[in-house]
Structure formats: C-alpha cells, structure tokens
Amino acid sequence: SSGINAEWPLRPGELVKRKVKRILPSDNKKGYTLTYASGDTEEFETEEFDAVVLATPLHNADIELPDGVDVSGNTKPFQRTLATFVNGVLAPIVPGEKNPGDVLTVTSKDKLLFSSIGSKGSVDMDFNYKVFSKLPLTEDQINKLFSKVNEIKVVDWMAYPKYSVPDSLPDFELAPGLYYINAIESAASAIEMSCIGSKNVALLLYQYLENVKNVDSGAVCQTEEMEQFKEEL
C-alpha cells in the first residue's frame with residue numbers, strides 16, 4: 001500500500017514496504033491511520049496519511065479495513081498457473097503437421113497437459129518456449145511436448161482471478177481517499193491492465209485531494225475541471 005500526504009504542491013507518497021495489518025480512519029476523520037509491521041519484528045508501527053492506495057490482491061491480504069467498506073467484489077480467489085520455460089525443440093503437436101510459428105492455444109480442459117505454448121525467440125540453433133499449465137509438468141510430459149530439451153525453468157504462482165459469468169466490476173474507490181488499483185483485475189489480469197488501473201486511481205486520487213484542499217480553503221471545485229476528470233476516466 002502507498003500512503004499520500006497532501007502537501008501542496010504534491011510530494012511523492014510513501015510506499016509502505018511492510019506487511020500492513022490495518023487501515024482505519026484517522027481520529028480527525030480527514031485521512032487514514034496505517035498499522036504495519038516494524039521490520040522483521042512482531043512489533044507494529046502506526047502512521048497517518050491523507051489518502052491510501054492499495055496495490056495488492058485483497059483475496060488473501062488479511063488487511064483490516066474501515067467499517068462499511070465492501071470488498072465482496074474484490075476478493076475473487078486466484079487460480080494457480082505454472083509457466084514452464086523450455087529451451088529446446090518443440091515436437092509436432094499434430095503428428096505429421098508443422099507447428100505454427102507463433103502461439104499454440106487450446107481450450108482449458110483438465111486432461112490437457114497445457115493451456116498454451118508460445119515461442120519466445122531463439123538461442124543459437126534452438127528456441128525458447130513458454131508453456132502455461134494448471135499443474136506442474138513431469139519430466140515425461142515435457143519430453144512428450146519437446147523432442148529436445150536443453151534447459152528448463154519453472155515459475156509457479158497464483159496468477160489470475162477465477163472469472164465467472166455474469167459478473168460485476170467493482171469500483172476503484174473503496175471509500176473516500178481509499179483506492180484499490182487491483183479492482184481492474186476483475187475485468188482482466190495483465191500488467192497492461194494494472195497500468196490502466198493505476199492511471200484511473202491516480203486521477204481519482206488527484207481529484208479527491210483537490211477537493212479536500214478546496215474544502216479546507218473554502219473554495220468551490222470548478223465544474224469544468226470535474227468534467228475533464230470524467231473524460232480522462
């Protein structure tokens with residue numbers, strides 16, 4: 001999570017690189033109090049911020065949030081994905097047929113060995129491939145897919161939310177001054193989508209802090225500026 005203190009002009013927010021335990025409204029009701037682990041110890045520190053941006057999946061974050069914050073649409077379980085990187089020679093997927101030069105994608109069936117295979121360029125005389133699968137591939141399974149294997153590297157992680165139809169898309173704003181970048185993963189999960197989510201949250205955060213500044217100074221937010229933000233979003 002990242003806390004923002006609204007000194008004007010804005011200074012960069014502080015990135016809290018520690019386990020966050022809770023995010024609760026500040027006593028003055030004008031911001032949030034973060035409680036987070038103090039280094040590698042079991043002690044906790046607290047710090048106040050004018051606004052908070054969450055950039056981590058909430059389904060297993062175990063962060064206490066303010067009363068009334070509804071995260072039901074933001075807590076989809078994630079599905080396991082294994083990326084097996086292989087340097088070698090891909091065997092014919094269909095016997096007697098030449099493999100496509102780009103990406104092989106199949107339907108998501110439990111009995112299939114892989115979800116997709118993509119070529120990632122060549123090294124010397126052989127190619128690098130990325131194989132997506134739901135379960136770890138055994139040595140025998142890899143040898144079925146590849147006629148030659150030089151090197152293997154496996155990345156195992158909870159990659160994407162489990163999607164269902166119909167589904168609803170949650171808001172980026174969990175509460176005034178509390179924003180959630182990963183809400184966009186309910187639509188699609190990719191680094192490009194995270195960039196779009198980050199831009200939306202940045203615009204919402206700027207608009208929120210502008211309004212806070214205007215209220216504190218007794219000014220009125222200009223309608224034209226509000227419309228510009230809506231167009232950006």
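Which strands form an open sheet, and in what order? Hi everyone, let's start there. Three strands do, in the order 3-4-5, and the pairing is antiparallel. Strands here are DSSP runs of E with at least two residues, helices are runs of H or I with at least four, and both are numbered from the N terminus. Two strands pair if DSSP finds at least two bridges between them. At the edges are strand 3 (20–25) and strand 5 (44–49), each pairing on one side only.

A quick word on the model. It is a predicted one, where local features need pLDDT of at least 70 and side-chain atom pairs count only at pLDDT 80 or more, while totals for chains, interfaces and linings use all residues. Residues are numbered from 1 along each chain as its sequence is written, and side-chain values use heavy atoms, leaving out hydrogens and water.

Back to the sheet. Strand 4 (residues 32–37) and strand 5 are antiparallel partners over six bridges. Ala37 has Phe44 in strand 5 as its bridge partner. Phe44 has another neighbour: the charged end of Lys21 sits over its ring, 4.6 Å from the centre. For that we ask that NZ of Lys or CZ of Arg be within 6 Å of the ring centre and within 35 degrees of the ring normal.

Now the aromatic pairs, of which the structure holds five. Rings of Phe, Tyr and Trp (its six-membered ring) pair if their centres lie within 6.5 Å; planes under 30 degrees apart are stacked, over 60 edge-to-face, and the rest tilted. Tyr179 and Tyr208 have ring centres 6.3 Å apart and planes at 70°, so this pair is edge-to-face. Tyr179 lies in strand 13 (residues 178–180) and Tyr208 in helix 2 (residues 191–217), so the pair ties together parts 29 residues apart in sequence. Both Tyr179 and Tyr208 are buried, meaning under 20% relative accessible area, with exposed over 50% and partly exposed in between (1.4 Å probe, protein chains only). Elsewhere, ring pairs link Phe127, Tyr129 and Phe146 into a cluster.

Finally, two backbone details. Most residues other than glycine have a negative phi, and most peptide bonds are trans. What is the peptide bond from Val165 to Pro166, cis or trans? It is cis, with omega near -5°, and Pro166 is in the loop between strand 11 (146–161) and strand 12. Asp62 has a positive phi, near 55°. Asp62 is in the loop between strand 6 and strand 7 (78–90), and is exposed, with a relative accessible area of 65%.
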